[in-house]
Amino acid sequence: MRGSVRESGRLRLVPPGVRWPATAVRAGERQPDPAPASAPGASDRRRAAAPGAGSPPPGVRREARGAPCWLSLAARDVRAAEEFYGRVLGWCHVPLLGAPGKARSLMLKAGVPVGTIGRTTCESGVHAGWMPYFTVDDVDAAAGRLRDRGATVAVGPLATHAGRAAVAACPEGAVFGLRHHAPDSLWAVGEGPVGRLELHTRDIFAAALFYGGVLGWAGDPGESCAVEYVNDQIVVRDGGRRVAALTQGVAPGTEDQYRWHTSFRVDDVDAAAAAAVREGGRVIAPPRGSGARREAVLGDREGVPFTVLTS
């Protein structure tokens, strides 16, 4: 990582771009058919997401180097996951086209994208949870840097509908992805439904060197994420806005695991905790704090931990 973790810089904010379809489906409602090619905006979205595309759609500014840009969840039962998160967190879903037998949906909160839920092919019971993607200039080159640093590249690099992507695990086993750019410019950490993104790790300084070297943190000001050491954490910033943090210790709701952990915003933390239990999930850490600092750690039906925060 060039420079120290105390260096600063600014990320370029991404202006609103192509929006996802407005035909979101509440959990339990009938799903609409996918938008036909003749639907307004469908051809534009298809051109923007052409296979092999390595650049954002025209008019949409590229994210800063190393910024988180998306979330995905691999679930054994996609429909059950849609139902759980819809009823507990108030999300809607839009079915996405995919290979036969591989259900996949876009999750939204009040029209703002949260991430995608797709079917996992892993039957071992090991769950990566909500996996973050990070923006890099060159996915193939970043995958090479991962291998040089002792990481495992599990998937790709390969061409997707939204450009090249790869999925990897760092030396401690935390799973994350690489992309050229965000699938939707409205997605952001700290604004909207995604409240926090944190890596729980054994050594925050070693992790900062690893991720900084792979993702290009603390590079050219205005082009890369800035990192700094604050209150026993290494914080990754978009200008003055925190987009990720590296913190010491195992992840909430796991047994001796180091992984990325996501926090989602809700209107009522206590109501979300009660709904999680009612919908077949569990409360890992009961609600605590007050006002804007109230939060709880929950688990979904498949045991995936996540935190809920007061909006």
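The largest nonpolar core of this predicted model has 73 residues. Tyr-85, Phe-176, Tyr-211 and Trp-260 have the most contacts inside this core. Helix α4, residues 204–215, gives the most to the core, with seven residues.

**Helix α4**

- Nine of the 12 residues of α4 are buried, so the helix is largely enclosed by the rest of the structure.
- The buried residues of α4 are Ile-204, Ala-207, Ala-208, Phe-210, Tyr-211, Gly-212, Gly-213, Val-214 and Leu-215.
- Tyr-211, buried in α4, is also one of the residues with the most contacts inside the largest nonpolar core.
- The length of α4 agrees with expectation, because 12 residues at 1.5 Å a residue should span 16 Å and the end C-alpha atoms are 16 Å apart.
- At the start of α4, the backbone nitrogen of Phe-205 has a side-chain oxygen of Asp-203 within 3.0 Å.
- After α4 comes Gly-216, with a positive phi near 85 degrees.

- Phe-134 sits in strand β6, residues 131–135.
- Phe-134 counts as buried because its relative accessible area is 0%, below the 20% cut-off.
- Beyond its neighbours within four places in sequence, Phe-134 is in contact with a run of residues that includes Gly-66, Ala-67, Pro-68 and Cys-69.
- Other contacts of Phe-134 include Phe-176, Gly-177, Leu-178 and Arg-179.
- Leu-197, Leu-215 and Trp-260 are also among the contacts of Phe-134.
- Ala-64 is 70 residues from Phe-134 along the chain, and their C-alpha atoms are separated by 9.7 Å.

**Backbone exceptions**

- Most residues other than glycine have a negative phi, and most peptide bonds are trans.
- The peptide bond from Gly-156 to Pro-157 is cis, with omega near 0 degrees.
- Pro-157 belongs to strand β7, residues 152–160.
- Ala-110 has a positive phi, near 55 degrees.
- Ala-110 lies in the loop between β4 (104–109) and β5 (112–119).
- With a relative accessible area of 74%, Ala-110 is exposed.
- Asn-231 has a positive phi, near 50 degrees.
- The loop between β11 (226–230) and β12 (233–238) holds Asn-231.
- Asn-231 counts as exposed, at 69% relative accessibility.

Conventions:
Residues numbered from 1 in each chain as written. Predicted model: local features only at pLDDT ≥ 70, side-chain atom pairs only at ≥ 80, totals over all residues. Heavy atoms only, no water. Helix = DSSP H or I, 4+ residues; strand = E, 2+ residues; numbered from the N terminus. Buried < 20%, exposed > 50% of the residue type's maximum accessible area, 1.4 Å probe, protein only. Contact = heavy atoms within 4.5 Å. Core = buried A, V, L, I, M, F, W, Y, C linked by side-chain atoms within 4.5 Å. Expected span 1.5 Å × (residues − 1). Polar contact = N/O pair within 3.5 Å; in protein donor to acceptor, adjacent residues only side chain to side chain.
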